Amino acid sequence: MGRLIYLDNNATTQMAPEVLNAITEAQSVVYGNASSMHTFGREAQRLVEQARDNIASLLDCDSSEITFTSGASEANNTVFMIAKSLIEKRGSGRIVTTTIEHPSIMETVKYLRKCGIHVDQAPVAADGSVKLDEFEKLMGPDVVLVSVMTGNNETGTIQPIETISQIAHKYGAFMHTDATQAIGKLELSCRKWNLDYLSCSGHKFYGPKGVGVLYAKKGIPYEPFVHGGEQEHGRRAGTYNTIAIYGMGVAAKLAKENIDEESRRLWAMREKLREGIVAKVPNIVVNGCSDRQHCLPGTLDVSFENVEGESILLMLDMAGIAVSTGSACATGSLEPSYVLMAGGLDVELAHGSIRFSFGRFNTMEDVDYVLEVLPPIISRLRAISTR
Ligand code: PMP
């Protein structure tokens, strides 16, 4: 196989070698059920609790506020179902979220509306940031939950979560953020941001897949989404996925140690690629945020006029470069990205968008290679374009 470059780290990341080593060693010896009272169970539980402490330290919250889930999708669903239950108990209430959330929220919103729950979605500006004045217009004393993602998976735009949290609390609502793309790249603080709920997923920060976290502030309303056993103090039933949880904990520790250097490195690669594309390829639009303070450091989303994103993706794949059009979760549908459209991008440009997402294992040489391969691909595709 020739050179292979993975630039789809927002879809998922490769496990860090430290994580892989730790779980490989653990999984042959730690096989007890973490809920069992004997030695085997207690050893499994020790690994789970170690992970809980590492995650709590990364999120700046108390370990008792962490519930392990199967991923961010489950964590997001749980929060919205808690809000549904609160609204049903009170006999009134609303949820306020945005038009650019991940499908695990967008689809849950559709489901809740079918159940008769009122959900409002705040619009975003062209750079992908939530329009705060429009958001505040949607607020009122009847709002039970506000949910705004920390950083967008497609554009990388970061939202002012601390400010949004203050607004939510001013109206007496609970504040949730989906921090799945931000974890390990931004300093997150449940305490400083005064969050009530936060979701994230292990596989986006070099941990295993199929494991995630729901942070819920002490004393805040909670209802299990998965009913059954007494695991997680009755908050999430199901035998502990001990090894994956442990691996995610190791990844959290690494993330905390490396966050500043990692972010600087990702931003340098992103900027080099952006500058190179702007210099070498005419008729493009860089989507979303533009400065480091408002961008997830490793995300670059670009629209190429007069070309289909899928064609670019396939040609880059043939050249050994893995990227994405829109979000991976939306692949399979030929609908243009709702995130880009929400920012006001025209439909043709939304069809020609590519997301490059950098990670820990990318290098500047990867950027050089993309800048060598991409411009002739775009020229060739434009030459045969019928658009
Ligand atoms: N939220 C965001 C912002 C994401 O990017 C993703 C993963 N694409 C999720 C939630 C869902 O994570 P998981 O698939 O691990 O449940």
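Mentor: Let us begin with a term: a residue is called buried when its relative accessible area is under 20%, exposed when that value is over 50%, and partly exposed in between, with a 1.4 Å probe and protein chains only. Lys 170, for instance, counts as exposed because its relative accessibility is 59%. The model is predicted, so local features need pLDDT of at least 70 and side-chain atom pairs count only at pLDDT 80 or more, while totals for chains, interfaces and linings use all residues. Residues are numbered from 1 along each chain as its sequence is written, and side-chain values use heavy atoms, with hydrogens and water left out.

Now to the ligand. Helices (H or I, at least four residues) and strands (E, at least two) are DSSP runs, numbered from the N terminus.

The side chain of Ser 73 has an N or O atom 2.8 Å from an oxygen atom of the ligand. Ala 72 takes part through its backbone, where an N or O atom lies 3.2 Å from a ligand oxygen. A nitrogen atom of the ligand, in turn, is 2.7 Å from an N or O atom in the side chain of Lys 204. Taken alone, the ligand exposes 400 Å², and the protein buries 87% of that. Accessible areas come from the Shrake-Rupley method with a 1.4 Å probe, and for residues only the protein chains shown count as cover.

We may now turn to the whole chain. Its secondary structure comes to 12 helices and 12 strands. The chain has a radius of gyration of 21 Å, which agrees with the value near 21 Å for a compact globule because that is what 387 residues would give. This radius is taken over C-alpha atoms, and the globule rule is 2.2 Å times the number of residues to the power 0.38. Along the principal axes, the C-alpha atoms fill a box of roughly 65 × 50 × 35 Å. Of the 387 residues, 57% count as buried. The accessible surface is about 16200 Å², and 54% of it belongs to carbon and sulfur atoms. Among contacts with a separation of 6 or more, 74% join residues 24 or more positions apart; contact means heavy atoms within 4.5 Å.

Several residues elsewhere show how these terms are applied. Gln 159 lies in the loop between β5 (143-147) and α6, and it is buried because its relative accessibility is 4%. The side chain of Gln 159 reaches the backbone oxygen of Gly 128 at 2.9 Å. Beyond four places in sequence, the residues that Gln 159 touches include Ile 100, Ser 129, Val 148 and Ile 164.

Helix α6 spans residues 161-170 and holds Lys 170. Glu 162 is also found in helix α6, and it counts as partly exposed because its relative accessibility is 29%. Leaving aside neighbours within four places in sequence, Glu 162 is in contact with Lys 192 and Trp 193.

In helix α8, residues 242-280, we find Glu 271. Glu 271 is buried because its relative accessible area is 12%. A polar contact of 2.7 Å joins the side chains of Glu 271 and Arg 274. Such a contact is a pair of N or O atoms within 3.5 Å; within protein, one must be able to donate a hydrogen and the other to accept it, and residues adjacent in sequence count only if both atoms are side-chain atoms.

Finally, consider the backbone angle phi. Most residues other than glycine have a negative phi. His 233, although not a glycine, has a positive phi of about 55 degrees. His 233 belongs to helix α7, residues 231-234, and counts as exposed because its relative accessibility is 80%. Asn 306 likewise has a positive phi, near 65 degrees, and is found in the loop between β10 (299-304) and α9 (309-318).
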